[in-house]
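Student: Hi! Could we walk through this model together?
Tutor: Happy to, let's open it up.

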Amino acid sequence: METWFHKFNHDYFGAGLPLPILKTSTARTQLGQMSCKRATRWGRTKYADFTIKLTTYYDMTERQAQNVLLHEMIHYSIAYTGLKDTAPHGLFFRGIADRLNRQYGWDIKATTTTQGWKKAATAPPRARRRPATYLILALEMKDNRHFLSVVNPRYARQIDRRLSRLAEVEHYGWYASSDATFDHMPMVRSLRGKRVSQDEYENRLAVMQQVVMQ
């Protein structure tokens, strides 16, 4: 990104743009983003900390990624030079984009559809919303094995009824926890969990709030 930025800055923007913060993101709905901090004092607005991000969510060709970078550099140029455009992709933006497209063969667009675009092999799965407090099942077996589960509350009563009929269960209990450690455990709908040592099991129970299943 930095190599492309310097080349495009020299070729198309008169080398007038300072190097911004360059980052990648995993955004699915934004191919690129230009952001900055804005402060207004005595009626004057100053911009700082310009940042350009490009997503790595899609399997873009180099040419596609360059078009996205140029799109964000136009936004950067407009903000940095203090121009007041008529809209986010207003007259100034479209004028610069049209000139670059005509003169240099680029394909810079105000909006780009990603329909049919392939997800990159390294793109992470879409994040699932996690609750602020987890319902934890702590399970001790008669053979001295210990398990912890993050349980979907909708299935807790069903699991509880099953547990009450299992002869191999020595003891079990329900607990509430907001410990971020449980962020990495799946939220189960059936009787399964992570086996832990007795020390970890007892340490977890000591800091969790017990829940009485109604």
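Student: How many residues does helix 3 have, and how far does helix 3 reach from its first C-alpha to its last?
Tutor: Helix 3 covers residues 91–104, so to speak 14 residues, and spans 20 Å between its end C-alphas, close to the 20 Å expected at 1.5 Å a residue. The expected span is 1.5 Å times one less than the number of residues. Helices here are DSSP runs of H or I with at least four residues, strands are runs of E with at least two, and both are numbered from the N terminus. One note on the source: this is a predicted model, where local features need pLDDT of at least 70 and side-chain atom pairs count only at pLDDT 80 or more, while totals for chains, interfaces and linings use all residues. Residues are numbered from 1 along each chain as its sequence is written, and side-chain values use heavy atoms, with hydrogens and water left out.

Student: Which residues of helix 3 are buried?
Tutor: Phe 93, Ile 96, Ala 97 and Leu 100 are buried. Buried means under 20% relative accessible area, exposed means over 50%, and partly exposed is in between (1.4 Å probe, protein chains only).

Student: What follows helix 3?
Tutor: Gly 105, with a positive phi near 75°.

Student: Switching to pockets: how much space lies in the largest pocket?
Tutor: About 830 Å³. A pocket is an open set of points on a 1 Å grid over the protein atoms alone, where a 1.4 Å probe fits, with protein on both sides within 12 Å along at least five of seven lines; lining residues have an atom within 4 Å of a point. Points are joined across faces, edges and corners, and the volume is the space filled by probe spheres set on them.

Student: Which residues lie nearest its centre?
Tutor: His 71, Glu 72, His 75, His 89 and Ala 110, out of 35 lining residues. Helix 2 gives the largest share of that lining, eight residues.
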